[in-house]
Amino acid sequence: MQPDQTLATLKTDFFSPDSAVAMAAADKLSEIGGDEVLDFLISVLKSPNALRRNSAALALRNIGDNRAAEPLWREILNPQNRNQRATMIYALERLDCSQKLPELFDLLFYGSYEAQMYAGTILEEQDFEFSEADLHAIQGKWDDLQKHPEKCVDFEMRKDDIQHFVEGFTSYLND
């Protein structure tokens, strides 16, 4: 089989109704990598099917190419994906999020429990570039969230963790 035929077969198998076939194709595509595979997986992120999006996100995570970061962010922030975005956030753990501090805090403040957990992991593990205005905005949202805890999933359970992240970054305002 020619390499182009292999990719064509794997792309077809990616959409198989048999989940084992689809998962195997996603794994193989992530092993192959390259521009064509990257473009294909990024295009799948726009799928209305959450399982397909998640498979593509996981494959992109395995590839680890930062060109996937912005397409993942677009779909994470897409209101239609609001309740099905945790896997896409998880995929960002291996990609450069250094310019996305405010967006990560929004996920930490207002996301589902899983979104909060993955956003927290990214905040712990990556380095960020941010402005004083970013930090003031984060502090302002945190202050508002404490007055309106209903905006945050499991606020009472997550409050100390969230406060730890806020203080970790806003401490730069005092320097």
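# A tour of the aromatic residues and helix packing

Begin by selecting F105, F109, Y110, F128, F130, W142, F155, F169 and Y172, which form one aromatic cluster. The model is predicted: local features need pLDDT of at least 70 and side-chain atom pairs count only at pLDDT 80 or more, while totals for chains, interfaces and linings use all residues. Residues are numbered from 1 along each chain as its sequence is written, and side-chain values use heavy atoms, with hydrogens and water left out.

**Stop 1: helix α7**

Select residues 101-110, helix α7. Helices here are DSSP runs (H or I, at least four residues), numbered from the N terminus. The buried residues of α7 are L101, L104, F105, L107, L108 and F109; buried means under 20% relative accessible area, exposed over 50% and partly exposed in between, with a 1.4 Å probe and protein chains only. These buried residues pack against α5 (69-77), α6, α8, α9 (132-147) and α10.

Axes are lines fitted to C-alpha atoms, for helices over the stretch in contact, and angles run from 0 to 180 degrees between N-to-C directions. The angle therefore makes α7 roughly antiparallel to α10, a term for angles over 145 degrees. On the α7 side the contact is made by L101, F105, L108 and F109, and on the α10 side by R158, I162, F165, V166 and F169; contact means heavy atoms within 4.5 Å. The crossing of α7 and α10 is left-handed, that is, the near helix is turned anticlockwise from the far one by less than a right angle.

Helices α7 and α8 pack at an angle of about 145°, with their axes 7 Å apart, and α7 passes α8 in a left-handed crossing. Select L101, L104, F105, L107, L108 and F109 of α7 together with A115, Q116, A119, G120, I122 and L123 of α8 to display this contact.

**Stop 2: aromatic pairs**

The structure holds twelve aromatic pairs. Rings of Phe, Tyr and Trp (its six-membered ring) pair if their centres lie within 6.5 Å; planes under 30 degrees apart count as stacked, over 60 as edge-to-face and the rest as tilted.

Select F14 and F40: the ring centres are 5.5 Å apart and the planes stand at 85°, so the pair is edge-to-face. This pair links distant parts of the chain, with F14 in helix α1 (residues 3-14) and F40 in helix α3 (residues 35-44), 26 residues apart. Both F14 and F40 are buried.

Move to Y90 and Y118, whose ring centres are 5.1 Å apart with planes at 50°, so the pair is tilted. Here Y90 belongs to helix α6 (residues 86-91) and Y118 to helix α8 (residues 113-125), 28 residues apart. Y90 is partly exposed, with a relative accessible area of 26%, and Y118 is partly exposed at 27%.

**Stop 3: two loop residues**

Select D154 in the loop between α9 and α10. D154 has a positive phi of about 50° although it is not a glycine, and it is partly exposed, with a relative accessible area of 40%.

Finish at G34, in the loop between α2 (19-32) and α3. G34 counts as partly exposed at 46% relative accessibility.

Terms used
Angles under 35 degrees count as roughly parallel, over 145 as roughly antiparallel, 65 to 115 as roughly perpendicular and the rest as oblique.
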